[in-house]
Amino acid sequence: TVPITDRKQLKLIPESRLNAKAAQIYEKIKEKEKLSNDTNKLKEIKEIGKKIEYSISEYFEISKIEDPTLNFDWEYILIDNDKVKNAWCMPGGKIAVYTGILKLTKNLNALSIVMGHEIAHAVAKHSIERQSQAVTINIGTQVADIFLGGAINKTRNTVGQNTGIDIFRIGLLNPFGRQQETEADYLGLIFSSLAGYDIRESIKFWQRMSDKKKGKEPPQFLSTHPSSKNRISNLNNWINEVIVKYPPIKA
C-alpha cells in the first residue's frame with residue numbers, strides 16, 4: 001500500500017536489492033556527469049532535501065506509520081547541464097538536480113515542489129512497482145501467446161511496423177506511468193507543505209514549464225506524464241486541502 005494515498009500496489013522485488021543497484025548506478029553517474037561547482041545552489045538543494053527528509057520521518061512517526069524512508073541513504077548532487085530541465089530521485093534517496101531546471105524553478109518554493117515530487121517517487125516505491133509490473137507483463141504475455149499461437153506478438157509487431165507505436169507501451173505502461181506521476185505530484189505537494197514551503201508556487205512553476213513546452217508536448221495518451229494543463233488543474237484542486245491537512249512540521 002502506498003503511504004498516505006493508500007493505493008494498492010504490486011511489489012515482487014526486494015527493496016534492498018533495488019536500493020543497492022541504484023547506489024551503484026548513482027556512483028557511475030557522479031563519475032560520468034559534470035558536477036556543478038556552484039556551492040551555494042548545492043547548499044540550497046541540500047537544505048530543501050534535509051527539511052523534506054525530516055518532515056517525512058516526523059509525519060510518519062506522529063501518524064504511527066512505518067517510515068518508508070527508514071532505509072534510505074540520502075545524497076544530493078547538482079549536475080551542470082543547462083539543456084536538461086529535470087531532476088530525479090533513485091530508490092533509496094539518491095537525488096540529482098540539473099542546472100537547467102533551476103532556470104524554471106527560480107525560487108526555493110518551486111524547487112521544493114520539484115524535489116518533493118521526485119522524492120515522492122522513491123517514498124511510494126514506484127521503481128519497485130514498475131519492475132514488478134514489467135515481470136508480470138512479460139510472464140503473462142508469454143503464457144498467453146503460447147495459447148494464442150503467437151497472436152499477441154504478431155499483432156504487436158504489425159502495429160509497431162505500420163505506426164511506430166508499441167501498443168503495450170501505450171496501453172499498459174504509459175497509463176501506469178501517468179498514475180504514478182499524478183500520485184507523485186500529490187505526495188510531493190504534501191512533503192513540500194510539511195517542510196514549510198509555499199506550495200501555491202507549484203501552479204506558477206507548472207505554468208512556466210507549460211510555456212516552455214508550448215507546442216512541443218505530445219498528446220497525453222502517448223506520454224508517461226500528465227499534460228501540464230491537467231497537472232495544473234489537479235494542483236489547484238489539491239492545494240487548499242493540503243495546506244489545511246498537512247501544515248509545516250517544525251524542526
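Begin by selecting Leu10, which is partly exposed, with a relative accessible area of 39%. The model on display is a predicted one. Leu10 belongs to the segment before α1 (15-32).

**The whole chain**

Next, display the entire protein and colour it by secondary structure. The protein contains 9 helices and 3 strands. Of the 251 residues in the protein, 46% are buried. Among contacts with a separation of 6 or more, 74% join residues 24 or more positions apart.

**An aromatic cluster**

Aromatic rings are the next stop. The whole structure holds 6 aromatic pairs. One of them is formed by Tyr59 and Phe60, in an edge-to-face arrangement with 5.3 Å from centre to centre and 75 degrees between the planes. Are these two residues buried or exposed? Tyr59 has a relative accessibility of 17% and counts as buried, because the limit for burial is under 20%. Phe60, at 0% relative accessibility, counts as buried as well.

Which parts of the chain does the pair tie together? Tyr59 is in helix α2 (residues 39-62), whereas Tyr246 is in the segment after α9 (228-245); the pair therefore ties together parts that are 187 residues apart in sequence. Tyr246 is buried too, with 7% relative accessibility. Show Tyr59, Phe60 and Tyr246 at once to view one aromatic cluster.

Select α2 together with helix α4 (residues 108-123). Their axes come within 10 Å and cross at roughly 50 degrees. The two helices, α2 and α4, are therefore oblique to each other. The crossing of α2 with α4 is right-handed.

Which residues make this contact? On the α2 side, select Glu44, Ile45, Ile48, Gly49, Ile52 and Ile56; on the α4 side, the partners are Leu108, Leu111, Ser112, Met115, Gly116, Ile119 and Val123. Coloured by type, the residues of the contact of α2 with α4 divide into 9 nonpolar, 3 polar and 1 charged.

**Helix α8 against helix α9**

The axes of α8 and α9 come within 10 Å and cross at roughly 175 degrees. Are α8 and α9 roughly parallel or roughly antiparallel? They are roughly antiparallel, because an angle over 145 degrees places a pair in that class.

To display the contact, select Ser202, Ile203, Trp206, Gln207, Ser210 and Lys213 in α8, then Ser228, Arg231, Ile232, Leu235, Asn236 and Ile239 in α9. In the contact of α8 with α9, 5 residues are nonpolar, 5 are polar and 2 are charged.

Conventions
Residues numbered from 1 in each chain as written. Predicted model: local features only at pLDDT ≥ 70, side-chain atom pairs only at ≥ 80, totals over all residues. Heavy atoms only, no water. Phe/Tyr/Trp six-rings, centres within 6.5 Å; stacked < 30°, edge-to-face > 60°. Buried < 20%, exposed > 50% of the residue type's maximum accessible area, 1.4 Å probe, protein only. Helix = DSSP H or I, 4+ residues; strand = E, 2+ residues; numbered from the N terminus. Axes fitted to C-alpha atoms, helices over the stretch in contact; angles between N-to-C directions. Parallel < 35°, antiparallel > 145°, perpendicular 65-115°, else oblique. Left-handed = near helix turned anticlockwise from the far one by under 90°. Contact = heavy atoms within 4.5 Å. Nonpolar A, V, L, I, M, F, W, Y, C, P; charged D, E, K, R; others polar.
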